[in-house]
Amino acid sequence: MKPKTADKIATTLIVFFALLIVAILIGLLGYILVRGLNHISWDFLTSAPQKIRAGGGVGPQLFNSLYLLVLTLLITIPLGLGAGIFMAEYARPGKLTNFIRLIVEVLSSFPSIIVGLFGLLLIVNYFDLGFSLLSGAIALTFFNLPLMVRITEQAFRTVPKAQKEAGFALGLSKWKIVTSVLLPVALPTIITGTILSAGRVFGEAAALMFTAGMSSPRLNFSDWNPLHTSSPLNPFRPAETLAVHIWKINSEGLAPDAIQIAAGASAVLVIMVLLFNLLARYFGRFIYRKLTASKRIN
Amino acid sequence: MRGKTNTKKIEKHHIEDMVGRIYMSLCVLLLIVIIVSMVYFVASKGIANFISGEVKLTDFLFGTKWAPEADTPSYGALPFISGSFLVTLLAALIASPLSICAALFMTEIVPGWGKKLLQPVIELLSGIPSVVYGFVGLSVIVPFLRDTFPGQGIGVAAGALVLSVMILPTITSVAADALASLPQNLKESSFALGATRWQTISRVILPTTMPAIMTGVVLGMARAFGEALAVQMVIGNAPFVPRSLFESASTLTSVITLSMGNTTMGSTINNALWSMALVLMLMTFVFVLLVRMLERRNKI
């Protein structure tokens, strides 16, 4: 074959496969949204699920997902920032640092089901927290922490060195430089990364099945005292999230409209993840403009 | 000098500095504690059956019969181990060529709008939750396979197809980074010799970036190997060593997902499930090790 013909064939194939991926995504999103949007209504989003009858909603599950996300981020962000800043600014190159880096890498590549099993063993059984929102949040922290550490570390590394040196030249302490000079510059990147990781947490199910549980007790949405057992805010109650719900009705759902509910819930989940993606893109830019005098984002 | 200031007067910013440093060290310490206890707990549960002698290690690893509720229970995990490896390899085989083409499209064919088009696509694909992939697999891929091939549609083929879409973004983004970081003059010298674009890609670009692309493939395989729910929903969950791609089969993750909740802690079957979790964990170590080796090769 002539090299030119081979080149043309190869180029066509590459373009074809690349566009195929685009088509897969469009097909996926289109399928989920078209099938699901019909079923989404205000009633579907707010009412409780039905076991055997049709017409159940996903209200409690949606609330659980959001609440669990908030709890997880409350634990993950401070820990991830601390460890990430340590890795970026304090750790000296050496055996210990390499070891910590290896740990972060291993932890982030553990399958989420292993994280869930470990949560079951340690938090649910050993610490006796039972199937609860708190157990779920801790398990999700194990799952999300390495990502958070990596995001923070990379964000701090992109800050221009001159800014840090200027701080030292002013005689500031290292802590002051980290919190007042580096953090504001790194924050947009950190926020973008955090929101993206939040999307991942929101859709996670395998780590939650054995920690947050697969049941949702009756919730009283007029009682906001976190200590009451039927209060939605009580962190010690079992909580089935939206993602776990989709899995459960697909594998053992008895309601006659289980498929439609799964489609609707999938659409809600995907829309939420899309929102997280958009938010990540624009919110980071917005914060950067607020915190610094510059209009440029690197 | 430090001692001098300390004896004189401890200033506010020194305390701040100390507190900050202690806090950050505690965070890192927590990371280490998490991973050590994770390995310890899963491993101690995973080897319980072998230590008590209820199940022999060779019977577990190479036994083809999983019948924990039979009169003479047997705990062979080969059906699940082979299922896991099979779907992972197939998924990587399907996804790698597609991903490499996508990466080439982004960096070599149309570097401008190709990247603008595919970057968000890749990000969105990686953002879709795994249960949604499972749901779409169950309602699109399984019926399609049922109509085109013999069998029920569920099985290794369905699992591998769902997984391949899930690992596309991982491989593509790593491969695209590798291609983008290739020195420009390598390509230019090839073009200067009169090579066509495909000759340059196949003889210069791909061979040079192969270790980096393989890193992406291994990362994708690690994700596929550990993925639980999406696979569980489409693979059928029959505990047999797969003989055909279109027959119901199982993976390590799928059997753990299904059975862990229904067994009592400490029973032999429960401990056998923990042994499977240990296999998953050991495979994670293998994947991390492979990635490290490839990265080292890439540096030279």
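**Figure 1. Chain B as a whole.** A compact globule of 300 residues would have a radius of gyration near 19 Å, whereas chain B has 25 Å. The model is predicted. Along the principal axes, the C-alpha atoms of chain B fill a box of roughly 70 × 70 × 35 Å. The chain contains 13 helices and 2 strands. Of its 300 residues, 52% are buried. Take the contacts in chain B between residues at least 6 apart in sequence: 69% of these join residues at least 24 apart.

**Figure 2. The contact between chain B and chain A.** Chain B brings 70 residues to the contact, and chain A brings 75 residues. About 6,800 Å² is buried between the two chains. Carbon and sulfur atoms give 83% of that area. Which residues of chain B lose the most area to chain A? They are Met24(B), Leu31(B) and Phe135(B), which together account for 10% of what that side buries.

**Figure 3. Polar pairs and the make-up of the chain B side.** The rule finds 7 residue pairs in polar contact across the interface of chain B and chain A, both residues at pLDDT 80 or more. On the side of chain B that touches chain A, helix α2 (residues 12–46) of chain B supplies the largest share, 19 residues. By class, this side has 49 nonpolar, 14 polar and 7 charged residues.

**Figure 4. The salt bridge across the interface.** How many salt bridges does the rule find across the interface of chain B and chain A? It finds 1. Glu105(A) and Arg292(B) form a salt bridge, and their closest N and O atoms are 2.8 Å apart. Side chains of opposite charge can pair when their charged atoms come close. Over all chains, the structure holds 6 salt bridges. The pair of Arg292(B) and Glu105(A) crosses between chains, from helix α13 (residues 268–299) of chain B to helix α4 (residues 95–109) of chain A. Arg292(B) counts as partly exposed because its relative accessibility is 25%. Glu105(A), at 19% relative accessibility, counts as buried.

**Figure 5. A salt bridge within chain B.** Lys187(B) and Glu108(B) form a salt bridge, with the closest N and O atoms 3.4 Å apart. The pair links distant parts of the chain, 79 residues apart. Lys187(B) lies in helix α9 (residues 184–192) of chain B, and Glu108(B) lies in helix α5 (residues 78–109) of chain B. Are these two residues buried or exposed? Lys187(B) is buried, and so is Glu108(B).

**Figure 6. A salt-bridge network in chain A.** Salt bridges that share partners join Arg101(A), Glu153(A) and Arg157(A) into one network. In one of these, the side chains of Arg157(A) and Glu153(A) meet at 3.0 Å, N to O. Arg157(A) and Glu153(A) are separated by about one helical turn because they are 4 residues apart in helix α6 (residues 133–157) of chain A. Glu153(A) is buried, with a relative accessible area of 9%.

**Figure 7. Ser37(B) in its helix.** Ser37(B) is found in helix α2 of chain B. Its relative accessible area is 16%, so Ser37(B) is buried. A polar atom of the Ser37(B) side chain lies 3.0 Å from the backbone oxygen of Ile34(B).

**Figure 8. Ile154(B) in a loop.** Ile154(B) sits in the loop between α7 (130–148) and α8 (156–180) of chain B. At 24% relative accessibility, Ile154(B) counts as partly exposed. Beyond its neighbours within four places in sequence, the contacts of Ile154(B) include Val142(B), Val234(B) and Phe246(B).

Definitions and conventions:
Residues numbered from 1 in each chain as written. Chains lettered and ligands numbered in written order. Heavy atoms only, no water. Contact = heavy atoms within 4.5 Å. Buried area = accessible area lost by both parts, 1.4 Å probe. Salt bridge = Lys/Arg side-chain N within 4 Å of Asp/Glu carboxyl O. Polar contact = N/O pair within 3.5 Å; in protein donor to acceptor, adjacent residues only side chain to side chain. Nonpolar A, V, L, I, M, F, W, Y, C, P; charged D, E, K, R; others polar. Rg over C-alpha atoms; globule rule 2.2 N^0.38 Å. Buried < 20%, exposed > 50% of the residue type's maximum accessible area, 1.4 Å probe, protein only.
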